[in-house]
Amino acid sequence: MNRQNTRLIFGLIALIIVFKMFDRRPGSPSRSEEREAEAVSELDSSLAPAAKVEERDGLAAAIAIDVSGSMDEKVTDRDGKKEPKIDIARRAALDLVDQFARYASAHPDQPVQLGVYEFSRRRGEPDCRTVLPMGPPDRERAASAIARLDADGGTPIGQAMITAKRALDETGLARRHLLVVTDGENTDGVAPDRVAMAIGKRPESERPSIYFVAFDVEANRFSRVRDAGGLVLSAANATELNQTLDTLLNDKILVEK
């Protein structure tokens, strides 16, 4: 092949490359825009209820607890001593169950359902796992299940929100609350702010109130969750965690309608 033919071939290749780069109709989405649209569609599908459930009056809450590896780190407990955050979270979770059980007992005329979930990224396990299945709050059953919480793995907060939201959908109860307790930023899977925004676009009957308790981490790490409509509060130690959770329950969740 002579030099002139070689130049001609390379010239044609260059023209093809340029043509491919600009071969997009005006207004048509770029590949990155297409990928973003696909991700949004996939997230929306993951948040859709598994089945149609007729709505009825009542209260349902899903509590998602971070059990990633960092929850094994220590903070100050109620006695001023250092204790692993996972131990503090266990006690706080059991106290929440107690409060829900007392509320249910005081309101026998209204359905009350509670589910507790743990989340972390672990090999061979779902990112979000059921600790206490959604149902009437049962302290005795919860005590043994919550005692088994252990800290290990990454932090897939967004997936925990998806799992909890779908569990709330299955109850059909009108008053729905999704509470996340976490000590770190999302490290795996979809970001929590994207999930919060996607939930906000679902039909009104599907939208739970979203609460984040930032435990031993700055609350402003979740400013985008707040921007998407969630309530974000902070707790630096065991005392503040208990106070924050009590405030949420008494002022937001266990409020008579």
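Where is Asp 216 found? I looked this up first. Asp 216 sits in the loop between β7 (209-215) and α7 (223-227). I am working from a predicted model.

**Entry on Asp 216**

I checked the backbone at this loop residue. Asp 216 has a positive phi of about 60 degrees, although it is not a glycine. Asp 216 has a relative accessible area of 34%, so I noted it as partly exposed.

**Entry on α5 and α6**

Next I turned to a pair of helices. I noted that two packed helices are described by the angle between their axes and the distance between the axes. Helix α5 covers residues 157-171, and helix α6 covers residues 192-200. They pack at an angle of about 30 degrees. Their axes are 7 Å apart. Angles under 35 degrees count as roughly parallel, so α5 is roughly parallel to α6.

Which residues meet here? From α5 I listed Ile 157, Gly 158, Met 161, Ile 162 and Lys 165. From α6 I listed Pro 192, Val 195, Ala 196 and Ile 199. I sorted the residues of this contact by kind. Seven are nonpolar, one is polar and one is charged.

**Entry on Lys 165**

I stayed with Lys 165, which lies in helix α5. Is Lys 165 buried or exposed? Its relative accessible area is 1%, so Lys 165 is buried. I then looked up what it touches, leaving out residues up to four places away in sequence. The list for Lys 165 reads Leu 47, Pro 49, Leu 178, Ile 199, Arg 202, Glu 206 and Pro 208. Ile 199 also belongs to the α6 side of the helix contact.

I checked one distance along the chain and in space. Lys 165 and Ala 62 are 103 residues apart in sequence. From C-alpha to C-alpha, Lys 165 and Ala 62 are 7.6 Å apart in space.

**Entry on the cavity**

Last, I looked for empty space inside. Rolling a probe the size of a water molecule over the atoms shows where empty space is left. How many cavities of 30 Å³ or more does the structure hold? I found one. The largest cavity has about 50 Å³ of space.

I wrote down its lining: Ile 63, Ile 65, Ala 89, Ala 92, Ala 93, Leu 96, Val 181, Leu 241 and Leu 245. Helix α3 gives the most, with four residues. I sorted the lining by kind too. Nine residues are nonpolar, with no polar and no charged ones.

Technical notes. Residues numbered from 1 in each chain as written. Predicted model: local features only at pLDDT ≥ 70, side-chain atom pairs only at ≥ 80, totals over all residues. Heavy atoms only, no water. 1 Å grid on protein atoms, 1.4 Å probe; cavity = no way out; pocket = protein on both sides within 12 Å on 5 of 7 lines; lining within 4 Å. Points joined across faces, edges and corners; volume = space filled by probe spheres on them. Helix = DSSP H or I, 4+ residues; strand = E, 2+ residues; numbered from the N terminus. Nonpolar A, V, L, I, M, F, W, Y, C, P; charged D, E, K, R; others polar. Axes fitted to C-alpha atoms, helices over the stretch in contact; angles between N-to-C directions. Parallel < 35°, antiparallel > 145°, perpendicular 65-115°, else oblique. Contact = heavy atoms within 4.5 Å. Buried < 20%, exposed > 50% of the residue type's maximum accessible area, 1.4 Å probe, protein only.
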